[in-house]
Amino acid sequence: QSCFLDSDHLTNLDELFDIVRCRVGRLVVFLTSDTLRRPWCAGEITMTFQNHQRLTCVRTPSFVPPTAYELENIVSYLDTTDTKLLQYGITSEFISSAFEWLLTKDVPTVDFPVDLAGRARFSST
């Protein structure tokens, strides 16, 4: 099995969203304080929600979920400066729906332990 790291493909969004839509077996989302505010992350989560719903979250201690108001006003929640998500068919309504799904108990979620630091984060003991 191979692993695809999205940060390597942020210059070609056509390819990025195609990979997420068609070739990713499971999207793993690291929920940090900023993850859901990044438009490309929102696009990947939305593509996953619309196409196959194979997603697992790793929730870090810094993650604070958006409020109901923020989900209703997703355009003001997201930093969409210089983005063109709409040209990929990703509307604010689709993002809101995807985020609502992401935050349900239907999506497998692992809580990242607060007390792990450095290499201990990756140790199996």
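The model discussed here is predicted.

E1 belongs to an open sheet of three strands. The order is E1-E2-E3, and the pairing is parallel. E1 (27-31) and E3 (109-111) stand at the edges. Each has a single partner strand, so one side of each is left without a neighbour in the sheet. From one strand to the next, the twist averages 20°.

The pairing of E1 with E2 can be followed residue by residue. E2 covers residues 55-59, and five parallel bridges join it to E1. Leucine 27 stands opposite leucine 55 of E2. Further along, phenylalanine 30 faces valine 58, also in E2.

Now step back to the whole chain. Its secondary structure comes to five helices and three strands. Along the sequence they follow the pattern α-β-α-β-α-α-α-β. Of the chain's 125 residues, 34% count as buried.

The largest nonpolar core holds 28 residues. Leu36, Leu55, Ile95, Phe99 and Leu102 touch the most other members. At least two core residues come from each of H1, E1, H2, E2, H4 and H5. Leu55, one of the residues with the most core partners, is also the residue opposite leucine 27.

Leucine 102 shows how separate stretches of the chain meet. Setting aside neighbours within four places in sequence, leucine 102 is in contact with Leu31, Leu36, Ile45, Leu55, Cys57 and Val107. Ile45 is one of the buried residues of H2. Leucine 102 itself lies in H5, which spans residues 92-102.

What follows H2? Glutamine 53 does, with a positive phi near 55°. This residue is not a glycine. Glutamine 53 lies in the loop between H2 and E2. With a relative accessible area of 40%, glutamine 53 is partly exposed.

How far can the details be trusted? Mean pLDDT for the chain is 85, and 83% of residues reach 70 or more. Confidence is highest in H5, at a mean of 96. It is lowest in H1 (residues 13-23), at 81. Where pLDDT is low, the predicted coordinates should not be read in detail.

Definitions and conventions:
Residues are numbered from 1 along each chain as its sequence is written. This is a predicted model: local features need pLDDT of at least 70, side-chain atom pairs count only at pLDDT 80 or more; totals for chains, interfaces and linings use all residues. Side-chain values use heavy atoms; hydrogens and water are left out. Two strands pair if DSSP finds at least two bridges between them. Helices (H or I, at least four residues) and strands (E, at least two) are DSSP runs, numbered from the N terminus. Axes are lines fitted to C-alpha atoms, for helices over the stretch in contact, and angles run from 0 to 180 degrees between N-to-C directions. pLDDT is the predictor's confidence in each residue, from 0 to 100. A nonpolar core is a set of buried Ala, Val, Leu, Ile, Met, Phe, Trp, Tyr and Cys residues joined through side-chain atoms within 4.5 Å. Buried means under 20% relative accessible area, exposed over 50%, partly exposed in between (1.4 Å probe, protein chains only). Contact means heavy atoms within 4.5 Å.
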